[in-house]
Structure formats: structure tokens, C-alpha cells
Amino acid sequence: MTSSKKLTFADETLINAGLAISSEDAATAGAVGFMARALVQATLPHKKVEGNEFTRTNGSYTLSIMAPSKIGLPYGTIPRLLLAYVTREAVRTNSRVIELGESMAAFMRQLGLIRAGGPRGDITRLKDQTRRLFTSTVSLTYEGPGRMTDMGFRLADRIDMWWHAQDPEQDDQWHSTITLTEPFFREVVEGPVPIDMRALTALKRSPMALDTYIWLTYRYSYLTRPTAIPWSTLAAQFGADYSRERDFKAAFKDELHKVLTVYPDAQVEESSSGLVLKPSPPHVGKVR
């Protein structure tokens, strides 16, 4: 299907990213990353949430996040990029202590963020969302026929950030680190979902696109037959910020189109009732 709609700069950037990803696999490009499986099946808030508790459900699986009331809940794209970074580093180093780079600027480059200050700049947002994310406590609950499993953990034991906002290029005298809790570290390293970090960079403007991309490559790692997923189920999993299902549906379709630009092998069919996922290769194959 073709369209006469003029491409925007963002469209062209996304298309070029998709072409680059298709031309060289993640392993060859050194772009293999990971995401904790527990945070793929249900995800963080897309937008700022009032209060200090958030819950998202995916079928029998529920994710609840609690944050200190003076700090607040994590939301948006930055916590997702942070989770991908610490998961990749934990898997790579097999250590709970995650180094955040020699300077704030170096770390921001690894996340694909722009070195800009001010209340709405990436420097301010990164510092704020790092604190929100790693002071939060996560609870995971599975309730099925004849079975109930519940587990909970804080994400980090310790955060040491020696960052100079006035001079983000300045090397830290003491390297900034995040020390993951033992339960979260075990969750991260024992069953991580392989992803392509280039895809995250291409989709970094949209938390829903990031969630959809990671979820699809996870589902395709085990999908063996076509599976229909109703819009109501997708809305519960991805669209907690939408009060009307039709609004979620329109937004999700837009973000899915972006995801398929960088992940064209994903066979997804839309219908009036939902999506049909057909067996497809995961975006990054098993690497461990």
C-alpha cells in the first residue's frame, strides 16, 4: 500500500534506521541489548502519574510499582532506556554494580539522549527519572487456575551519581554507579529478552513504541502458531493512560507502524477485533 503523504524528518530518520538495522544484524553491529523479562509482560507508565502507586495488567500477570511519595513514579521513555542499559550491563559483566560511564555526557550518549539542560532538557529529565526508577519497589503477581505467585523487590540497593550538570563532559572523580538489588539482578540475568539497541534509539521518542517493540520480539521468541489478541487486552497491557479504547486503538496503530519500520519481519495483522500475531523470527535471536 502506498501513500502520497509527505514524509517528515522523523519519518525519514525512522526509515533510515530501519534500513541500517536490516543491513547488519545486531551481533555484528555490537548492538545486542537485553530487557528484564518481568518488565516486558507489563510495563511502566507512559505519562506522569499522580500518587505513588501504579498498576498494569496483562492477562493473569500484574505489575505494581510503588515509589516514595516525595520522589514519584518513573514514567516515559527514559526509564525504559535506563532499564535496557542496566540489563545489558548486568548480563555483560555478571555484576550487580553497574557503571554509568566516565561522565554524564558519556552516559547520555549511550542512551541516545541530547545533552541539554533546563527544566525540560534531557539532563534534568535523566537525573529525575533515574532517581524515580531506582528508588521504586516492584511487585509482580501471577494468578492462574490453581496457582498464585507473588514476588517483590526494590530495583537498586544504592545509587551513586557524581554528575556535574554545569559541565556534563567533566570526568567523574568517582565513577557513578547503580548497585542492583540481588532479587532484581537475578531476574535480569536469568531470563533476559534480547533486543537491538539501535531499535530503541530509533523509537526513543515514544514509550508505547518502545514497549511494543520489546513485547513483539519477546512474543516471537516462543510463538508457534497464529495468535489473536483483542484490543481490550492490548489496552489493558499498553494503554492504561487512555480512558477510551478507541483512542488507545488509534494511538497504538500509529506506534505499531513505527515499530514495524525497524522490525519488518514481524508478521502482524490488524482487524476490527484486535491483532493477529503470526510466527516470525525474533528481532534478535538467542545469544546466550
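Buried, on this tour, means under 20% relative accessible area. Keep that cut-off in mind for the stops below.

**The whole chain.** Start zoomed out, and remember that this is a predicted model. Of the 288 residues, 49% are buried. The accessible surface comes to about 14,500 Å², and carbon and sulfur atoms own 50% of it. Among contacts with a separation of 6 or more, 66% are between residues 24 or more positions apart.

Now select α9 (residues 231-238) and α10 (residues 245-262). Their axes come within 10 Å and cross at roughly 80 degrees. Angles of 65 to 115 degrees count as roughly perpendicular, so α9 and α10 are roughly perpendicular to each other. To see who makes the contact, show side chains for W231, S232, L234, A235 and F238 on the α9 side, and for E245, F248, K249, F252 and K253 on the α10 side.

**The rings.** Stay here and colour the aromatics. By the ring-pairing rule, rings pair when their centres lie within 6.5 Å, and the count for this model is nine aromatic pairs. Pick F238 and F252: their ring centres are 5.6 Å apart and the planes sit at 40 degrees, so this pair is tilted. F238 belongs to α9 and F252 to α10, 14 residues along, and the pair links distant parts of the chain. Are these two buried or exposed? Both F238 and F252 are buried.

**A strand stop.** Next, click T227, in strand β10 (residues 227-230). Its side chain reaches the backbone oxygen of R225 at 3.1 Å. Which residues does T227 touch, not counting those up to four places away in sequence? They are R219, L275, V276 and L277.

**Back to the start of the chain.** Last stop: I21, in helix α1 (residues 9-23). With a relative accessible area of 7%, I21 is buried. Leave aside the neighbours within four places in sequence, and I21 is in contact with D196, R198, A199, V262 and H283. Draw a C-alpha to C-alpha distance from I21 to H283: the two are 262 residues apart in sequence, yet 9.9 Å apart in space.

Note on methods. Residues numbered from 1 in each chain as written. Predicted model: local features only at pLDDT ≥ 70, side-chain atom pairs only at ≥ 80, totals over all residues. Heavy atoms only, no water. Phe/Tyr/Trp six-rings, centres within 6.5 Å; stacked < 30°, edge-to-face > 60°. Helix = DSSP H or I, 4+ residues; strand = E, 2+ residues; numbered from the N terminus. Buried < 20%, exposed > 50% of the residue type's maximum accessible area, 1.4 Å probe, protein only. Contact = heavy atoms within 4.5 Å. Areas by Shrake-Rupley, 256 points an atom, 1.4 Å probe, with all protein chains shown as cover. Polar contact = N/O pair within 3.5 Å; in protein donor to acceptor, adjacent residues only side chain to side chain. Axes fitted to C-alpha atoms, helices over the stretch in contact; angles between N-to-C directions. Parallel < 35°, antiparallel > 145°, perpendicular 65-115°, else oblique.
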